[in-house]
Amino acid sequence: MATVPRTRALVLGLAQQPWLSRAITRHGMRLGARRFVAGETLDEALAVVAGLNKAGIEATLDYLGESVQDAGQARAAADVYLRMVDEIARRGLASHVSLKASQLGLDLDPNLALELVGRVVERARERGTFVRIDMEDSSRTQATLDLFGALRQRYENVGIVIQAALRRSERDLEELAKLGANVRLCKGAYLEPPEVAFPRKKDVDANYEKLLRGYMASGNYLAVATHDDRMIAAAKRAAQELGVSRDRFEFQMLYGIRPQAQRRLAAEGYRMRVYVPYGTEWYPYFTRRLAERPANVLFLLANLFRR
């Protein structure tokens, strides 16, 4: 296994330790989470979106939270998303909505998730915006795809995410192409067993380029979610060679990562969308960002010991 996956596994493993979780969350945003998280309130996040819009960059807004424990929590999360959709429309912001199905009850009851995510998608359709269902770890992949498939029969303003790290993703994209699905393609931020996901970075990269070219060729809309210059170049090259116009794909990056590259792509005339997360439940998201690059861990340590 390569150095980067080993580092990633170490960071994600440490992040599960209760003592470390308490230490980081106790100091909150001071440790550097604000670099990757827009704030803890909706108003803070909407202000970030407005700033991105002024720079010619669109957004997708995510209320952080995963795997709720009861139906009441799931319904409360759905209410937050309904308010979010209303506020995006009221303020005239260029922003989609991203959500995790486990936050809206997928682990409790797939029918509950269908009801609640369906309410959010319906409200978004009324307000003229779009909802992206995020992909979580591989234990939820099929249930998430099933949920998306059921919603896609009723709505066009709903999309899904596919992770290039997973071995099953080529087959999944073939099925999604038949549905005319709007897909965000990312590499994947979860630690998965080697029988489920490619363990080596070079294999994930090769699969990413293969999948993006294949899905572009299908004629369906593709969101190319990457910070990797090689993948960005591969997407530009594939679009040119396949004759795919710029209104049929977009680039996506995470808030706080490579902002100059985001502005550069927007200035080049590409649609650029930034994933903007917010909320008090930022710890799992923050640790995944730390695990992606050793430099992010150094950033945390620098803030930890800063006086």
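I began where helix α3 meets helix α4. Leu-42, Asp-43 and Leu-46 in α3 touch Arg-83, Met-84, Glu-87 and Ile-88 in α4. I counted contact as heavy atoms within 4.5 Å. Sorted by class, this contact holds 4 nonpolar, no polar and 3 charged residues. Here Ala, Val, Leu, Ile, Met, Phe, Trp, Tyr, Cys and Pro count as nonpolar, Asp, Glu, Lys and Arg as charged, and the others, Gly among them, as polar.

A note on the source: this is a predicted model, where local features need pLDDT of at least 70 and side-chain atom pairs count only at pLDDT 80 or more, while totals for chains, interfaces and linings use all residues. Residues are numbered from 1 along each chain as its sequence is written, and side-chain values use heavy atoms, with hydrogens and water left out.

Next I checked the geometry of that pair. The axes of α3 (residues 42–54) and α4 (residues 71–90) come within 11 Å and cross at roughly 40°. That makes α3 oblique to α4. I used these classes: under 35 degrees is roughly parallel, over 145 roughly antiparallel, 65 to 115 roughly perpendicular, and the rest oblique. Axes are lines fitted to C-alpha atoms, for helices over the stretch in contact, and angles run from 0 to 180 degrees between N-to-C directions. Helices (H or I, at least four residues) and strands (E, at least two) are DSSP runs, numbered from the N terminus.

I then turned to helix α7 (residues 169–178) and α8. Their axes come within 11 Å and cross at roughly 15°. The two are therefore roughly parallel to each other. Ser-169, Glu-170, Leu-173, Leu-176 and Ala-177 of α7 make the contact with Lys-210, Leu-211 and Tyr-215 of α8. I found 5 nonpolar, 1 polar and 2 charged residues in this contact.

How do the axes of α8 and α9 cross? Helix α8 (residues 201–217) and helix α9 (residues 229–242) have axes that come within 10 Å and cross at roughly 25°. That makes α8 roughly parallel to α9. Their crossing is right-handed. Among the residues that meet are Tyr-208 and Leu-212 in α8, and Ala-234 and Ala-238 in α9. The contact has 10 nonpolar, no polar and 7 charged residues.

Then I looked at the strands. I found a closed barrel of 8 strands, running β1-β2-β3-β4-β5-β6-β7-β8 with parallel pairing. Its twist averages 30° from one strand to the next. I took strands as paired if DSSP finds at least two bridges between them. Strand β2 (residues 95–100) and strand β3 (residues 131–134) pair in the parallel sense over 4 bridges. Val-97 has Val-131 in β3 as its bridge partner. Helix α5 (residues 110–127) packs on the sheet and touches β2, β3 and β4 (158–163). The direction of α5 makes about 155° with that of β3.

Last, I searched for salt bridges, meaning a side-chain nitrogen of Lys or Arg within 4 Å of a carboxyl oxygen of Asp or Glu. The whole structure has 31. One of them joins Glu-115 to Arg-75, with the closest N and O atoms 2.9 Å apart. This pair links distant parts of the chain: Glu-115 sits in α5 and Arg-75 in α4, 40 residues apart.

Notes
Left-handed = near helix turned anticlockwise from the far one by under 90°.
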